[in-house]
Amino acid sequence: MALDSTTGNDGAVFTEVDMGSSDSSASTVRATIVQASTIFYDTPATLDKAERLLAEAVSFGSQLVVFPEAFVGGYPRGSNFGVSIGNRTLKGPEVDRLAAMAGKYKVFLVMGVIERDGYTLYCTVLFFDNLGCYLGKHRKLMPTGLERIIWGFGDGSTVPVFDTPIGKIGAAICWENKMPLLRTAMYAKGIEIYCAPTADSREVWQASMTHIALEGGCFVLSANQFCRRKDYPAPPEYVFSGTEEDLTPESVVCAGGSVIISPSGTVLAGPNYDGEALITADLDLGEIARAKFDFDVVGHYARPEVLSLMVRDHPATPVSFTSEKTESSHK
C-alpha cells in the first residue's frame with residue numbers, strides 16, 4: 001500500500017492511497033472527503049468555496065466528493081443556539097447550483113446542508129449524481145443535545161441508499177451514526193459507501209468509524225470541518241458560550257479528523273487534524289465481498305428468528321386528510 005501526499009493550489013493536503021488490489025476485475029472508485037470550514041453567514045461565498053474545492057478534487061481524478069455536516073448553512077458550534085444559522089430550501093437556488101456543480105465536474109456529490117421546509121430547519125445531506133441530477137436527501141433522525149432546539153427530526157422516508165454506477169451510497173450524520181438500528185437499516189439496503197458527515201472531532205470518533213466499516217462491510221467516509229475562531233463572525237454577532245474569553249483568532253474550535261476506512265477496518269487516508277484538506281483514497285469495491293464473506297450482519301450472520309427490525313419508512317406527517325385517501329383510492 002503506497003501513501004502519497006501532495007499540496008493543492010490553496011494549500012490543502014491531498015492524500016492518495018494505492019490499495020494494490022489483487023482482484024483485477026473489481027472496480028475502483030476514487031473518493032475525496034473535504035475538510036474545510038463554512039464561510040459563516042455567507043451562503044454565496046460558501047458555495048463558491050465548495051466549487052473551488054470540488055474542482056480541485058476532480059482534478060485529482062475523484063469520482064465522489066463528500067462534504068461535512070452543515071457545510072452550507074453552517075454548524076453553530078459553541079453557540080447557545082440563539083443565533084440565526086441561515087435557511088436552505090430544496091426548491092432554492094442553492095440546490096440548483098449544487099446540482100449544476102456536480103454536472104459541470106461530472107462527479108457524485110454528497111453535501112451537508114441546513115434545509116428549510118416550511119418554518120422548520122433540518123440538518124440534511126443532499127445527494128447528486130455526476131449528470132447534475134438531484135437524487136434525494138437524508139434528514140438527521142436525531143439532532144444531538146441543543147441541536148433539538150432549532151432542528152427538526154427526520155423520519156424513515158429519508159434514509160436512502162442510492163444504487164449508482166460507482167456503488168451504493170448513503171449517509172448518516174454525526175451522532176446518529178451511533179444508532180445501531182439506523183445502521184442496520186442501511187446495511188439491509190446494501191450500502192457500500194457509507195458517508196458520515198460529522199461535527200465530532202474527538203479522537204474517540206475514529207473508533208466508531210472503524211466499527212461501522214467492520215460491522216457493515218462497507219467503506220466509511222467521515223468528513224468534518226476544520227475551523228478556527230477567525231472563521232466565525234466576531235463578537236457580539238457570534239459568541240462561543242463559556243469559552244469566548246479564552247479564544248484567540250487562531251484558536252482551533254473544530255480540529256477535523258476526517259478519515260476514510262476500508263471494510264477490513266484499515267485506515268486508507270487520514271485522520272487529518274492539521275488544517276483544511278482534501279483527503280482522498282482509491283476504494284477497491286472488491287474488498288466489500290471479501291469482508292462480507294467473513295461477516296454479513298444482515299445475511300449469513302443474521303438470526304431473524306431471534307432478532308429482527310421493522311423500519312417505518314413512510315413520511316411521518318402530523319396531519320392527514322381522509323379526502324386525500326378517498327381520491328387516491330378512486331384512481
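The loop between β3 and α1 holds Tyr41 in this predicted model, where helices (H or I, at least four residues) and strands (E, at least two) are DSSP runs numbered from the N terminus. Phi of Tyr41 is near 65°, a positive value in a residue other than glycine, and Tyr41 is partly exposed, with a relative accessible area of 36%; here buried means under 20% relative accessible area, exposed over 50%, and partly exposed in between, with a 1.4 Å probe and protein chains only. A positive phi, near 55°, is also found at Ala70, likewise a residue other than glycine. Ala70 is placed in the loop between β4 and α2 (93-105) and, at 0% relative accessibility, counts as buried. Residues are numbered from 1 along each chain as its sequence is written, and side-chain values use heavy atoms, with hydrogens and water left out. Because the model is predicted, local features need pLDDT of at least 70 and side-chain atom pairs count only at pLDDT 80 or more, whereas totals for chains, interfaces and linings use all residues.

Strand β3 (residues 28-35) has seven of its eight residues buried, so this strand is largely enclosed by the rest of the structure. Pairing of strands was assigned where DSSP finds at least two bridges between them. By this criterion β3 runs antiparallel to strand β16 (residues 277-284), to which it is joined by eight bridges, and Thr28 has Asp284 as its bridge partner in β16. With strand β4 (residues 64-66), in contrast, β3 pairs in the parallel sense over three bridges, and Ala31 stands opposite Leu64 of β4. Together with helix α1 (residues 43-59), β3 and β4 make a right-handed β-α-β unit, a crossover being right-handed if, with the strands pointing away from the viewer, the path from the first strand over the helix to the second runs clockwise.

Two cis peptide bonds are described next. One of them joins Pro235 and Pro236, with omega about 5°, and Pro236 lies in the loop between β12 (226-228) and β13 (252-255). The peptide bond from Gly270 to Pro271 is also cis, with omega near -5°; Pro271 belongs to strand β15 (residues 267-272).

The cysteines were examined for disulfides, defined as pairs of cysteine sulfur atoms within 2.5 Å, and the count under this rule comes to zero. Cys123 is in no disulfide, since the nearest cysteine sulfur, that of Cys174, is 8.0 Å away, beyond the cut-off. Cys254 is likewise in no disulfide, the nearest cysteine sulfur being that of Cys227 at 5.2 Å. Cys123 counts as buried at 1% relative accessibility, and Cys254 is buried as well, with a relative accessible area of 0%.

Leu181 is found in helix α3 (residues 180-188) and is exposed, with a relative accessible area of 56%.
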